[in-house]
Amino acid sequence: MTYRTIRQRLMLSAGSSVIMGLMLAAAASSQASAQTYGASPGSTTSSSTTPLYPSPFQTHFWESLELEPQDAWTTLRTSFQWQEKTLPVEAQARVDKWIEHYRSSPENIATITERATPWLAWITQQVSERGLPGEVALIPFVESSFDPGARSHRGAAGLWQFMPGTGDALGLVRNGNYDGRLDVVTSTGAALDYLEMQADQWYEGDLMLSLAAYNAGAGTVNRAQRQAQGQGLNGDYWDLSLPYETMQYVPKLKAIATIINNPDQYGVNLPEINIDPAFAKVQLAQAVSLSEASQLLDVSKAALVELNPGLLNGSIDPRSAQTLLVPEQVDTQVLAQLSQGNRQTLAQNNSADTHRVERGDSLSAIAARYNIDQQDLIRWNAIDRPSAIQPGQLLTLSGR
């Protein structure tokens, strides 16, 4: 059995990085030059002389520069591979049916995509690194509405909706303290491995057929494929007669990808999602509760619970899981100390002299919580606009 895993690392530059590079290029040349940024490096041409008075018809370098804001949605769209493929009329009609279904309830798309906020950038990154179509990153939209804690009446669980037996076969640990199907990092790796494995084993790399098998089982898809080929058809996904849910599976995925590819056309507003993953990973050698980690890292316990849905009893035990996800803004030195088990040092450093602002905090509420005067809090932190404090901001709680 061959396992095909194509590794591609996409070097995506944020807008500020592009601008800095272009500024350096402009400074090095006496004349503005045009460059094309894409899969192949562009060439730069320059003249040895610069006109003293540029032609009024010349377009200035900076005026011709257009930078598209980089966010997780932009990254996802650039990794789509199925949007330009023309489908047979009947197949496209199946996709169009779901486009109309989704666009008729834009509030549902808004809710689901908001729920995807912590996970989308990282999942897109994992999909792209394997060279898989970006549409695969949207499978949790179809499977679980991007709810890591989702459970079906049949026993499937997590973003990727693994059944217990399938999860066990893929090495996803389950016990009273931990369920790997709910662990987004672990289950994502297992889901992508499973899709690639089935595509190679049964379908000569055809991921749409592998997606059908992901939903209905390889046996069901293989029988349907043989039946279609016996009727003189190619036996690709769109030729097969499958259970209703499986017949709708790829059309749903194609439909939501089509909407995300051009949300304005379909009247859909997508939440802002940063291009970088929203969390950092900490490898732990010792057990720790989320309450203790919250205090040591100075982050809310609620944030840790949201990022670690696989921890069933509020603590992480390295015998089941070694990776704790934490908000990406946590100081790297603090993370290193937690990873090395230096809890005493952390506890000493993380005294009650500081407070990390959380969403919904106000200066009056913070002052009341620590029994200090609000005006002192403003003065100690040199705050010009009390209403402008931001989540993640550290406030000192004393005048020392």
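Start with threonine 258. Leaving out residues up to four places away in sequence, threonine 258 touches Gln83, Ile99 and Tyr266. One caution: this is a predicted model. Threonine 258 lies in helix H12. Its relative accessibility is 17%, so threonine 258 counts as buried; the cut-off is under 20%. Now the side chain. It reaches the backbone oxygen of lysine 254, at 2.7 Å.

Stay with H12, residues 244–261. Helix H10, residues 207–216, packs against H12. The angle is about 130°, and the axes are 9 Å apart. H10 and H12 are therefore oblique to each other. The crossing of H10 past H12 is right-handed.

Which residues meet? From H10 come Met208, Leu211, Ala212, Tyr214, Asn215 and Ala216. From H12 come Glu245, Thr246, Tyr249, Val250 and Leu253. By class, the residues of this contact are 8 nonpolar, 2 polar and 1 charged.

Next stop, leucine 159. Where does leucine 159 sit? In the loop between helix H7, 139–144, and helix H8, 164–169. Is leucine 159 buried or exposed? Relative accessibility is 1%, so leucine 159 counts as buried.

Here is its contact list, again without residues up to four places away in sequence. Leucine 159 touches Trp119, Ile123, Pro140, Glu143, Ser144, Phe146, Asp147, Pro148, Arg181 and Val184. Pro140, Glu143 and Ser144 on that list fall within the H7 range, 139–144.

One distance to finish. Leucine 159 and aspartate 183 are 24 residues apart in sequence. In space, C-alpha to C-alpha, leucine 159 and aspartate 183 are 8.6 Å apart.

Definitions and conventions: Residues numbered from 1 in each chain as written. Predicted model: local features only at pLDDT ≥ 70, side-chain atom pairs only at ≥ 80, totals over all residues. Heavy atoms only, no water. Axes fitted to C-alpha atoms, helices over the stretch in contact; angles between N-to-C directions. Helix = DSSP H or I, 4+ residues; strand = E, 2+ residues; numbered from the N terminus. Parallel < 35°, antiparallel > 145°, perpendicular 65-115°, else oblique. Left-handed = near helix turned anticlockwise from the far one by under 90°. Contact = heavy atoms within 4.5 Å. Nonpolar A, V, L, I, M, F, W, Y, C, P; charged D, E, K, R; others polar. Buried < 20%, exposed > 50% of the residue type's maximum accessible area, 1.4 Å probe, protein only. Polar contact = N/O pair within 3.5 Å; in protein donor to acceptor, adjacent residues only side chain to side chain.
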